[in-house]
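Please view the sequence and the structure before reading on.

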Amino acid sequence: PMQWRGQNARIVTSRQTPVSSGRVMSDGIVTEAGAGADPANADLSQCRFQLTHLEQVLRQKENWLENAQRIADIGYWELDLTAKTLVWTEPVFHIFGVPLGTALGSFDFVRKMIHPDDVDLYVRMRDAAIAEELPFQSVHRIVRPDGTIRNVHELGRLSQGPNGPVFSGVVKDITETFSIAQQAQEQTRLLDTAGRVAKFGGWRI
């Protein structure tokens, strides 16, 4: 910050400012660069300032991502195909009903939570997406540790990470939406059946 000092109202600064060749002004005092001013220290201070700023920006973006995932009820997952390790963001733990911080291990952890009637198709689709480098999309059921069945929608793709291929994507709980769609389909089916029995037709605007 800048301050006024003394009767001459000299401007005082709290950082070094170049004045002329080989001279800098630090705390309002002009000195030769070789007489008290250390350029190496100045460079180090600047690097520290930039690093602190980048860390703040990164934390802010991480907060934005977490808020967006929480609002949309979408989680991010990543499977390292080389290390065989799986990573989840916090919303994925909530979707699968798994305590936050649970050790995930590899993909086998997820495979065991997919509904028995859906797991074979899910694995075939996932393996094909990885082998042929195709976009991955699946709507299937999962079984939470407490026995609750949920419907989820997953999207994924293969990419290259720093240590090799990575299969990553997002997952969203669509149980409520899926239930509404099923109810609508069932109502339509019942109306069609009732129309055939009563021998009358329906109309739509």
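Strands S6 and S10 run antiparallel and are joined by seven bridges. The model shown here is predicted.

| Pair | Bridges | Direction |
|---|---|---|
| S6 and S10 | seven | antiparallel |

Aspartate 80 has threonine 85 in S7 as its bridge partner. Together S6 and S7 make a hairpin, with four residues between the two strands. In the turn, lysine 84 has a positive phi of about 60°.

The helix is next. Helix H4 covers residues 119–132, which is 14 residues. From its first C-alpha to its last it reaches 20 Å, close to the 20 Å expected at 1.5 Å a residue.

Which residues of H4 are buried? They are Val119, Tyr122, Val123, Arg126, Ala129 and Ile130. Seen down the axis of H4, these buried residues fall within an arc of 130°, so they line one face of the helix. The face turned away from the buried side carries the exposed residues Asp120, Arg124, Ala131 and Glu132.

The cover over the buried residues of H4 includes strand S6 (74–80) and strand S10 (164–173). Helix H3 (108–111), strand S8 (136–143) and strand S9 (149–161) are also included in this cover. Just after H4, glutamate 133 takes a positive phi of about 55°.

Technical notes:
Residues are numbered from 1 along each chain as its sequence is written. This is a predicted model: local features need pLDDT of at least 70, side-chain atom pairs count only at pLDDT 80 or more; totals for chains, interfaces and linings use all residues. Side-chain values use heavy atoms; hydrogens and water are left out. The expected span of a helix is 1.5 Å times one less than its number of residues. Buried means under 20% relative accessible area, exposed over 50%, partly exposed in between (1.4 Å probe, protein chains only). The arc is that of the directions from the helix axis to the C-beta atoms. Contact means heavy atoms within 4.5 Å. Two strands pair if DSSP finds at least two bridges between them.
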